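Hello,

Here is the structure we talked about handing over. Please look through it first; my notes follow below.

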Amino acid sequence: MTAGSSTGARHASPVRRARKIAPWVYFLIAVAAVLVLSAVRVLAGATDLTSSGTVQAALTAAVPLAMAALAGMWAERGGVVNIGLEGMMVLGTFGAGYAGYQWGPWAAVAFGLLLGVVGGLLHAVATVSFGVDHIISGVAINLLAPGAALFLSKLYFADAPGGGQKQSPRIADAPKVTVPGLSDVLGTVEGKHWFFVSDVAGVLRGLVTEVSLLTVLAALLIVWSGWVLWRTPFGLRLRSCGEAPTAAESLGVNVYRYKYLAVIASGGFAGLGGAFLAVSSGQFRDGQTGGRGFIGLAAMIFGNWRPGGLATGATLFGYTDALALRGSAAVHALLLLLGIALVVVAVVQYRSGHHVLSAVAAALGVLFGYWYFASDEVPAELVGAAPYVVTLLVLGLASQRLRPPRMAGEPYRKGQGK
Amino acid sequence: MRRMRGLRLAAGALALGLGLTACGGSDSGTGSGGSTQASTPASELKIGLAYDIGGRGDQSFNDSAARGLDKAKSEFGVDIKELEAAAGETDAQKEDRLRQLAEGGYTTVIAVGYAYATALAKVAPDYAEVKFALIDSTDAKGANIENLVFAEQEGSFLVGVAAALKSTTGKLGFVGGVNTPLIQKFEVGFTAGAKAAKPDATVEVKYLTQPPDFTGFNDPAKGETAANGMFDAGVDVVYAAAGGSGNGVFKAAKAKGKLGIGVDSDQYNLPALAEVKDVIMTSMIKKVDTAVYDFIVSVKDGKFTAGEKVYDLKAGGVDYSTSGGKVDDIKAQIDDYKAKISSGEIKVSSTK
């Protein structure tokens with residue numbers, strides 16, 4: 001308890017309070033962002049920056065990341081660090097492969113969720129009941145899950161028609177929806193390449209054309225998680241277990257039960273992320289997740305352990321990833337965009353008194369701007385690194401505003417508050 | 001006390017995890033080898049084969065090697081042992097795999113893929129009586145190593161010709177799995193072929209990952225995104241030299257009504273790609289199966305020769321496929337180039 005109260009005192013000291021930001025400010029920021037994007041597109045001639053195809057690709061890439069980030073948020077809000085997300089995603093991809101080729105995409109999603117829950121349960125038993133260090137348990141799951149998935153895939157897929165020892169047969173894709181009429185109108189406007197108008201049309205068209213129902217489901221789950229955790233008594237109790245479990249216990253909350261629920265939900269969401277990945281790829285493949293669980297964790301931190309933030313983080317990562325894969329001209333334009341963004345960050349930081357940070361951001365911004373104008377393209381070897389560089393920069397510059405759940409990762413034993 | 005128990009459990013879980021990973025990574029050791037050895041005549045060939053990442057069932061490169069092995073097995077009834085590689089493994093793990101085969105009495109060992117070069121260079125000198133084949137690389141040489149290499153640029157040249165002739169926009173795409181010298185041979189040949197058939201054709205090139213990240217051969221989602229980007233930019237034929245990621249390229253082509261070109265195997269006829277096969281206009285076939293089979297036959301007949309053996313277009317090591325009938329109308333033109341390359345009239349460079 002002493003540890004808890006001392007950290008509490010530190011945080012209670014008169015630090016700047018974050019101002020409450022009104023919804024219309026977010027809207028203005030979004031408009032400004034599209035304006036800048038549009039200007040860069042015209043200047044660099046990189047139409048792909050705001051094309052509907054890029055937005056579609058970004059959404060598809062962002063969904064598994066957002067699910068992993070959501071999974072991390074559920075666990076950490078309940079006070080358990082879940083570094084085993086990657087492993088749970090792998091379990092999800094296998095579950096999706098197993099059920100998907102036999103009974104279709106929705107069965108794939110259900111089985112992915114189920115196997116993710118199994119992974120979550122394992123983590124919950126280890127960390128909550130037995131008090132194992134959260135990191136150790138998570139790493140163990142990351143080692144265990146790919147081995148288990150490979151073992152099972154050899155067992156079930158090796159002799160299936162169209163399958164192999166390391167891949168499942170084909171999974172049918174989930175249905176995709178297009179808003180009729182609107183998509184075509186926006187397509188026409190997008191094709192004109194007008195400043196700002198076409199960019200907005202391109203982004204909107206990407207959001208209403210050929211959208212997988214899985215993407216819609218993922219968006220609903222993010223909203224639902226926000227509602228459950230921040231608008232219901234259940235959510236308040238769950239979050240109290242991550243902030244001050246001993247205090248929660250003294251008020252009659254069954255902390256173990258809530259931690260179990262949080263970690264199991266976490267496993268379920270990670271499994272869903274894996275399932276979405278497998279279904280949208282059309283099959284399970286060994287090693288398919290490729291570190292997406294860890295990137296999801298970064299998206300969660302970027303999003304300040306909140307649903308809106310982590311969705312933004314996942315989208316940002318999906319967007320840079322889509323650009324990097326679709327064409328190197330757009331990545332070159334990204335340099336300029338990054339330079340502008342960094343200068344904006346520098347101004348904001350300067351105004352709020354962080355002079356050192358502001359100077360670093362400004363210097364980096366100028367550097368990126370110079371790089372853009374001094375070169376014609378980004379070397380292919382660096383294009384693939386673009387998403388990581390962007391994430392790293394954003395994380396580095398935004399970290400002083402972040403506040404993790406206070407007791408996430410700390411051991412908690414029943415009755416320790418007495 | 002509680003803390004201690006927790007730690008012990010964690011250690012247990014970790015050990016279990018490592019154990020299972022190890023099981024998954026390779027088929028269980030030489031346990032079964034002992035019993036078969038006793039029941040087969042001593043003159044019988046024992047063949048070990050170490051796969052590259054993806055392994056049997058990758059619908060591509062490794063499957064081709066597996067077909068050669070299966071053919072040899074069904075014809076001569078040889079005793080075989082197959083071991084699989086895992087993504088992101090080290091040279092030491094590859095070395096262990098080759099040693100495991102050599103120690104297990106497998107006197108003929110085939111290492112599938114250039115990734116084995118470093119490991120084989122270390123292992124081969126220790127087993128002078130074992131005959132090794134290394135596919136796709138000449139980086140490991142020795143008195144008991146035969147290097148089986150292919151002229152991928154020549155086969156890619158032919159599908160480049162086909163792509164340029166079939167394209168209506170004159171814009172072609174190349175999706176490479178990982179940016180390695182080997183995959184660059186495919187790109188160079190493809191571009192050369194396209195330009196030969198249509199001098200104003202352009203080729204958009206995208207490698208999914210950069211080494212040492214080899215996930216680009218195994219990520220259909222990335223293949224799909226890259227191909228979609230090309231199709232949106234006006235490309236109408238994409239050559240997928242990306243192993244398992246090629247599935248994503250064909251999926252994108254199918255959704256957008258464009259064409260794709262397969263690699264290594266005749267991908268039109270692969271069961272796993274049955275649903276997208278109508279967009280696969282042709283495939284650059286690399287006859288790893290022939291090379292593997294020939295190698296086994298040469299060892300069986302006592303005609304093993306160390307050193308480089310090139311499977312080029314002339315030797316029938318690479319070719320293009322006609323399954324599906326999508327290139328029937330331009331077959332004469334492609335075969336014309338084929339004859340010119342075979343006769344040496346056209347030389348296809350393997351580097352940029």
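**Helix H10 of chain A and its neighbours**

In H10(A), A:Arg237, A:Leu238 and A:Cys241 meet A:Val255, A:Tyr258, A:Lys259, A:Leu261 and A:Ala262 of H12(A). Contact here requires C-beta atoms, placed from the backbone, within 7 Å. Helices (H or I, at least four residues) and strands (E, at least two) are DSSP runs, numbered from the N terminus. The residues of this contact divide into 6 nonpolar, no polar and 2 charged. Nonpolar covers Ala, Val, Leu, Ile, Met, Phe, Trp, Tyr, Cys and Pro; charged covers Asp, Glu, Lys and Arg; the others, Gly among them, are polar.

The axes of H10(A) and H12(A) come within 9 Å and cross at roughly 100°. H10(A) is therefore roughly perpendicular to H12(A) (65 to 115 degrees). Axes are lines fitted to C-alpha atoms, for helices over the stretch in contact, with angles from 0 to 180 degrees between N-to-C directions.

H10(A) spans residues 233–243, and A:Leu238, A:Arg239, A:Ser240, A:Cys241 and A:Gly242 are buried (20 or more other C-beta atoms within 10 Å of a residue's own). These buried residues pack against H3 (52–77), H9 (213–231), H11 (245–250) and H12 (255–281) of chain A.

**How to read the model**

This is a predicted model: local features need pLDDT of at least 70, side-chain atom pairs count only at pLDDT 80 or more, and totals for chains, interfaces and linings use all residues. Residues are numbered from 1 along each chain as its sequence is written, while chains are lettered from A and ligands numbered from 1 in the order in which they are written. The predictor gives the complex an ipTM of 0.82 and a pTM of 0.83.

**Domains of chain A**

The domain assignment, automatic or from a database, gives domain 1 (19–49 + 327–405) and domain 2 (51–325). Their C-alpha centres lie 26 Å apart. The contact takes 26 residues from domain 1 and 24 residues from domain 2. On the domain 1 side, H18(A) gives the most, with 7 residues. That side divides into 18 nonpolar, 4 polar and 4 charged residues.

**Chain B**

Chain B has 11 helices and 12 strands. Of its 352 residues, 54% count as buried. Its pLDDT (the predictor's confidence in each residue, from 0 to 100) averages 85. pLDDT stays under 50 over residues 12–42 of chain B. Where pLDDT is low, the predicted coordinates should not be read in detail.

Best wishes

Technical notes:
Buried ≥ 20, exposed ≤ 12 C-beta atoms within 10 Å, placed from the backbone. Contact = placed C-beta atoms within 7 Å. Parallel < 35°, antiparallel > 145°, perpendicular 65-115°, else oblique.
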